[in-house]
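Please keep the structure open beside the text and look up each residue as it is named.

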Amino acid sequence: MKYKVCIIGGGIIGTAIAYFLGKMGETSVAVFEKRYLSSGATGRCGGGIRQQWSTEANVRLAMRSVQFFERFKEEVGMDIEYRQGGYLLLSYSEEEAQQFEKNVKMQREQGLEVEILSPKMVKEKYPYINTEGVVLATFCPTDGHANPHKATFGYAKAAEKMGIEIYTHTEVNEIDVENGKVKGIQTSKGYFECDVLVNAAGAWSREVGKMAGVELPTESYRHQIFVTEPLKYFFPFMAISFSKNFYIRQALHGQFIMGQGDKDEKPGINENVTFKFEKEMAKKMTKIFPFLENVRILRHWSGEYNMSPDAQPILGKSNEVENFYYAVGFSGHGFMLAPAVGEAIAEMILLGKPVHSDISYLDKDRFKKGIVQEKNVV
Amino acid sequence: MVKKVQALVIGAGPAGLCGSIAMAESGVEVLVVDEGIKPGGQLPKQTHKFFGHEGFFASIRGFEIGDKLYKRAIDLKVKFKMKTTVSGIYEDGIVLYDRDKEEAYDIKADFILIATGASERFISFKKNYLPGVYGAGAVQTLMNQYRVLPGKDFLIVGAGNIGLIVAYQLLQAGANVKAIVEASDKVGGYLVHANKVKKMGVPILLRHTIVEAIGEDKVRGAVISEVDEKFRPIKGTEKELVVDNICLAVGLQPSVELAAQARAKIEYIPELGGYVPYRDENMKTSVDNVYIAGDIASIEEASTAMIEGYIAGYNIAQKVTGKDLSEKIEKMKIELEEFRRGPFSLKVRRGLKKFGINYPEGGYRTEQQKDDGPAGKLRVKIECPQNIPCNPCETSCPTGAISVGGNINGIPHVNYDKCIGCGVCVMKCPGLAIFLIQEQEKHSIVGIPYEFELPEAQERVLLLNKNGEIVGEGEVEKVVKNNKGKTHIVFLKIPKGLENEVRHFSKIKLEDDEIVCRCEEITKSQIEEAINEGFTDFEELRRYLRISMGPCGGRVCRLQTLSIISMKTGIPISELESGRFRPPSIPISFKAIIRGDEKDEI
């Protein structure tokens, strides 16, 4: 069996690339997923779609993605519960507030509409938030959230309709490289030849890179998240704080989804959960969002952030293996960047270079020049 | 002027009808009197096929037997007076009470054949006076003759043939049978009858009885309990059932009143059903011109009632006409002897011994067939483990492949070299105890005798074993209709290895409002639609539809959803991924976690 493009990973990135390849007319494409669609980080993430980043490039990539999310239902054909309720970023120190103001200036230069709110304004707008300790907040009304499973399913189904194959429960065991070129892949369902191979393996990106002999500087870290019972819908935005280390949103269905990072996590794949997380979250979140006190937690799970050294994605084409592409290291924000990344990688494969987004600064060779950290990460 | 007949037959059931036929055949003038609306006695109420041999209408449904016998009698110019009760046999005459015309008048008869049958026994329990407590016969009359279902949810008391048959008929009529309770430690009726209801999921609770009916104005429930060796309810074992009908099928007692009034000697012979008239082997009572036949003589079944009717009838005819009918009488006696050799006639043999009438026992095959025949060939599998006097399988087989081994009580065996898998015996067997099986390359086929609303070919069904438990799911391959006998054959495609397990099936309900995930109110059709769209993993369905994302965490819907996936995709549940089991297993509030964290001790 031969496909022009084989994609490893049935998460949002892999399916988005497949979808954009199909849209651009290339349907000799197959996606290989070792479990089921959205089984990795995509299906475990908070579903936020944010444009308020601290680096220009990230802002532009996110803005491009939002354009696609806005048209997702019409273009891709699935209702992904997309809601542009905004992102409220809360700062809790002077230093953080200054950084926010700097970011907003840069973001506005990129054409993004962002407001700066004083604690009083936050209190007036959202009386159910305890603003104690808040120094300043920023709010971007076109930020939002969506259902990441449905977005993955949407891309996958649309791709399948165009004739692209999606192989679930199919594990890639070996990448067949000859003379600096990928010839094919050995999977649990047999051997597939390909002209181009894309690594969109998320948490497993480094291992997949190794199979092709390409070293990718990514590490996976567990992030935990839980969801409450549904409440009446009243909380349309995503609230997030980097210094307080949390994010929270209410899904259209009514349940609150929230999480935090943990500096003490060791790298590696770990899908277990800890009660420590629930304790820390319960204390922190009821303080800032007192209405949560009597709300019950329904389900608690974890997923992997595939971290890159600067917390920005690694996108591009390998120098070592000429037809090996990668879209990895999303560091916890792959879902929100997926449409623009999918488009850019598809363009790279078919046209030689990305047309609509500049992703050259996200190549893995950037780390040779030193690391500029993306700060806006939970 | 007082009318006189040569022979009066009291009761137009199978015994009375056959008696009248025997007499009329020989030229005797016969009047049959019966209080019912329709001749046939209990036969018009019986929608099941009868056992026995084809000479006595085996494999024909009860109501049809009644019609056939009545027609034969009418052809022979037998006179009938229906809706007429014999209100007494007096010294000076027999009084007939025509209920329609409100007339009571007396007649005389040279000979009387009393074939009054039996009446139902009752048992006492608290509040057994409530409307909703019925005898099985009453339930059958209402349901099968008047087409009125006297309830929705039934408790049946007694697992003899009548209790089992009524249960099956109730299921056919669309009622629920919550349970059959039986005080003894075994099913009294034929196992094949029991299997018909067990495979439909009706529990037969042995060593159980009813202790109380619940309700003020009518039956709203029943309390049942276990019983000890002396049939006394054991305290503390009571259970409540929500039913609106308690149907008593606890046995029959001979209706001997008229025989007694005719001065026939009555004796108490429990093996024959209680008080019975003494009679000799020609069915003559202690009174020279009074004969009896059927259940009044001993509680048995329709075949023996018919034979006794003939014996009595020919004997009367012989006396009336002076013809020698001994050959016919002898033939019937041999029939009766053959029927009564089996284990189900043990009590009758013992009872009749007390009258000095001896019937031989044994002489029939008891060994079960060991082999199932050659795998891969479409062939029958007979599951008839008891020595029932019945042989339509043998007599209906067009290739002579089935034999009960001589005596009618024998266990049927199949000669698999001769069996062509035609299914005629499957449609004939009154016990619905013959199945067709065939192992195929990827699946197996089982053909099931079926008397309910037929499924469509290709319809997916739940496969049930003989206890009504789900053993898997399959698909209807085809339906072979039997317009005459009404026992159809449904051929099912089933997973390999289940050929000897699958004995029934139930249709998979496809109502749109059938909710699988109760927390999130996800319906079965939504799930099936999503599977059609290509979401064939539990986790994919969960993420797509929110199945098991509610407070119960999937306790209610996980397995159900997996079954739906399995049925739609053909992948056994054991090979599907179960999906994640995420904590907390019950919803926990933020407050509880905070409070717990502040505590120092356990």
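**Notes on the strands and the chain contact**

1. In the hairpin that S14(A) makes with S15(A), where 4 residues lie between the strands, Gly254(A) takes a positive phi near 115°. Strands here, like helices, are DSSP runs numbered from the N terminus, with at least two residues (E) for a strand and at least four (H or I) for a helix. This is a predicted model, in which local features need pLDDT of at least 70 and side-chain atom pairs count only at pLDDT 80 or more, while totals for chains, interfaces and linings use all residues. Residues are numbered from 1 along each chain as its sequence is written, and chains are lettered from A and ligands numbered from 1 in the order in which they are written.

2. S14(A) and strand S15 (residues 255-260) of chain A pair in the antiparallel sense over 4 bridges, where pairing requires that DSSP finds at least two bridges between two strands. Within this pair, Tyr247(A) stands opposite Gly259(A).

3. S14(A) also pairs with strand S13 (residues 238-241) of chain A, again antiparallel and over 4 bridges, and here Arg249(A) stands opposite Met238(A). These two strands form a hairpin with 4 residues between them, and Asn245(A) in the turn has a positive phi of about 65°.

4. Is strand S14 (residues 246-250) of chain A mostly covered or mostly open? The strand is mostly covered, with 5 of its 5 residues buried; a residue is buried if 20 or more other C-beta atoms, placed from the backbone, lie within 10 Å of its own, exposed if 12 or fewer do, and partly exposed in between. In a regular strand the side chains alternate between the two faces of the sheet. In S14(A), Phe246(A), Ile248(A) and Gln250(A) are buried on one side, and Tyr247(A) and Arg249(A) are buried on the other.

5. Chain B has 15 helices and 31 strands, and 47% of its 602 residues count as buried. Strand S4 (residues 84-90) of chain B pairs with strand S5 (residues 93-98) of chain B in the antiparallel sense over 6 bridges, and a hairpin joins the two through 2 residues. Gly88(B) stands opposite Val95(B) in S5(B).

6. S5(B) pairs antiparallel with strand S6 (residues 103-114) of chain B as well, over 5 bridges, and Ile94(B) has Ile107(B) in S6(B) as its bridge partner. The hairpin of S5(B) and S6(B) has 4 residues between the strands, with Glu102(B) in the turn at a positive phi of about 55°.

7. An open antiparallel sheet in chain B holds 3 strands in the order S12-S13-S14. Strand S12 (208-214) and strand S14 (239-241) of chain B stand at the edges, each with a single partner strand, so one side of each is left without a neighbour in the sheet. S12(B) is joined to strand S13 (residues 221-226) of chain B by 6 bridges, and Ile210(B) stands opposite Ile224(B) there.

8. The contact between the chains takes 27 residues from chain A and 20 residues from chain B, two residues being in contact if their C-beta atoms, placed from the backbone, lie within 7 Å. Helix H6 (148-161), helix H8 (275-288) and strand S16 (296-307) of chain A each supply at least two residues of the side that touches chain B. S16(A) runs antiparallel to strand S31 (residues 588-589) of chain B, and 2 bridges join them, with Ile297(A) standing opposite Ile588(B).
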